[in-house]
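Here is a short briefing on one protein chain. Keep the sequence and the 3D view open while reading.

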Amino acid sequence: MVSLPEQLERELSGRGLAIASIPGKGRGLVTTRRFFPGEVILCGEPYASTPNKILVGSNCDHCFTSSNLRKCSVCRVAWYCGSVCQKEEWKLHQLECRAISALTDDRKKMLTPTIRLMVRLILRRKLQNEKVIPSTGTDNYGLVDALESHISEVDDKQLVLYAQMANLVQLILPAIELDLKETAHIFSKFSCNAHTICDPELRPVGTGLFPAISTINHSCVPNAVLLFEGRTAYVRALQPLSNNTEVSISYIETAATTLKRHNDLKHYFFTCTCPRCIKGSEEDPLLEGYRCKDQNCDGFLLPDSGKKAYTCQKCSMCRDGEEVKKLSSEILLLSDKASSFVSSGNNNEAGSVYKIIEQLERKLYHSFSITLLHTRETLLKLYMELQDWRSALMYCRSTIPVYERVYPPFHPMVGLQFYTCGKLEWLLEYTEDALKSLTRAADVLRITHGTNSQFMKELFGKLEEARAEVSFRLSPGNEQIS
Ligand SMILES: [Zn+2]
Ligand SMILES: [Zn+2]
Ligand SMILES: [Zn+2]
Ligand SMILES: [Zn+2]
């Protein structure tokens, strides 16, 4: 492992942080002072980044906004929201633009986000080496160099793929002589270090390499959260952190069983040993499990050997394996039908089928089941698109108790779901409910998202509006209006 440049260590120590060796984990980021919930622990710009959609412009190359985009008229690959962002990127894009413009249309189609990230990384290194753009203690290639590649653990098939990708990058940048082996190693670094850049509603919009943030290890019960404003990354504390605490974020969706989480973590090359993973199986039957035959019992079931029957762990009532199997296959059949409606854009039909699926899943699964939760999330999305606000609200509300159970109290998903609820209630003129939901949303999101972004200002605006409306309705003489 290459040691991190001293300047970064100094920068971190100024923020109350240090790199330490964590038993069983290698390097990690620890606090050297206290942090309060919502406080920014670390923030920074990516060393290199790219929007995820390349040929169709979906985000500005520089600030990642999705509005008013215009493409670079020369290469037709880079998109900008205006001349300010275009100018900011010009020194780098100038070289990239020339390289991309020389490609045939077929080669242009091979520009995946990963390939483009590499092209931009190499160009940035070149420009910093030539001092065309400045490098600083926290913005220099040495930090990328110090990232772990886990190359010795990568399987042969993947190595071949990395070699092919390195060749493609060489074809795109013929003027720069690349060390192909080193380039393949950097691809491996991307796989375990690059971060998905998301918009405030956690929709993925791009990929970026943030070497300082890559020092933060994963936990399935993290004490911090990574979010983005534009392409700037912010890591905020989710709870009070005392001195000498390891900072952790989650690399994956945490509302999942231990098996699923470990599977999602595979390409990072470590086995999570967080408290949740060690406790493991306890919560899993609840997350993926079947419900008790007794409608009034909230126990979860565990299969007998051979899955001939499932026994409730609370009241010992048995559920027949055949009945469970029949219901499951019925749901599976309908799911195929529903997803074919979705892919053909028939949201109306898809909604009707998912509604039946949801009813069947309620009979089959425990109310905290992740499968049932995902169906309800799908229904919420479908009814939002159909602008059926009443149905959307019903499904949105049904997800909240599950969110509150599967996520920690200050998780962005919890805040965002309350926000969606509040917006729907406001639309439907359930003003008091809207005020409650927006208040809950603001309580969570001010910790996870901070208070300064446009996104948060909009939320605070809506909250004020709801508050004013409720107090108007409650003021003497206006009680009858609602
Ligand atoms: Zn922009
Ligand atoms: Zn261009
Ligand atoms: Zn874990
Ligand atoms: Zn029971």
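Which domains does the domain assignment of the protein chain give? It gives domain 1 (1-45 + 210-278), domain 2 (46-196) and domain 3 (407-482). The model is predicted.

**Domain 1 and domain 3**

- The centres of domain 1 and domain 3, taken over C-alpha atoms, are 30 Å apart.
- Twelve residues of domain 1 are in contact with ten residues of domain 3.
- On the domain 1 side that touches domain 3, strand E10 (224-229) and strand E11 (232-237) each supply at least two residues.
- E10 gives the most to that side of domain 1, with three residues.
- By class, the side of domain 1 that touches domain 3 holds eight nonpolar residues, two polar and two charged.

**The annotated SET region**

- An unreviewed UniProt entry carries the annotation "domain: SET" for residues 15-252.
- Over residues 15-252, the chain is 32% helix and 21% strand.
- The end C-alpha atoms of this stretch are 26 Å apart.

**Helix H4**

- H4 covers residues 113-129, which makes 17 residues.
- At 1.5 Å a residue, H4 should span 24 Å.
- The buried residues of H4 are Arg116, Leu117, Met118, Val119, Arg120, Leu121, Ile122, Leu123 and Arg124.
- What do the buried residues of H4 pack against? Their helix partners are H2 (83-101), H5 (141-145), H6 (156-172) and H7 (180-193). Their strand partners are E4 (48-51) and E8 (204-209).
- An α-helix has 3.6 residues a turn, so residues three or four places apart point the same way.
- Lysine 131 follows H4, and its phi is positive, near 60°.

**Cysteine 277**

- Cysteine 277 sits in helix H9 (residues 275-279).
- Is cysteine 277 buried or partly exposed? It counts as partly exposed, because it has 16 C-beta neighbours inside 10 Å. A buried residue would need 20 or more, and an exposed one 12 or fewer.
- Leaving out residues up to four places away in sequence, cysteine 277 touches Cys220, Thr258 and Cys272.
- Leucine 386 lies 109 residues from cysteine 277 in sequence. In space, the two are 39 Å apart, C-alpha to C-alpha.

Conventions:
Residues numbered from 1 in each chain as written. Chains lettered and ligands numbered in written order. Predicted model: local features only at pLDDT ≥ 70, side-chain atom pairs only at ≥ 80, totals over all residues. Helix = DSSP H or I, 4+ residues; strand = E, 2+ residues; numbered from the N terminus. Expected span 1.5 Å × (residues − 1). Contact = placed C-beta atoms within 7 Å. Domains from an automatic or database assignment. Nonpolar A, V, L, I, M, F, W, Y, C, P; charged D, E, K, R; others polar. UniProt positions renumbered as here; feature names shortened; annotations may be inferred.
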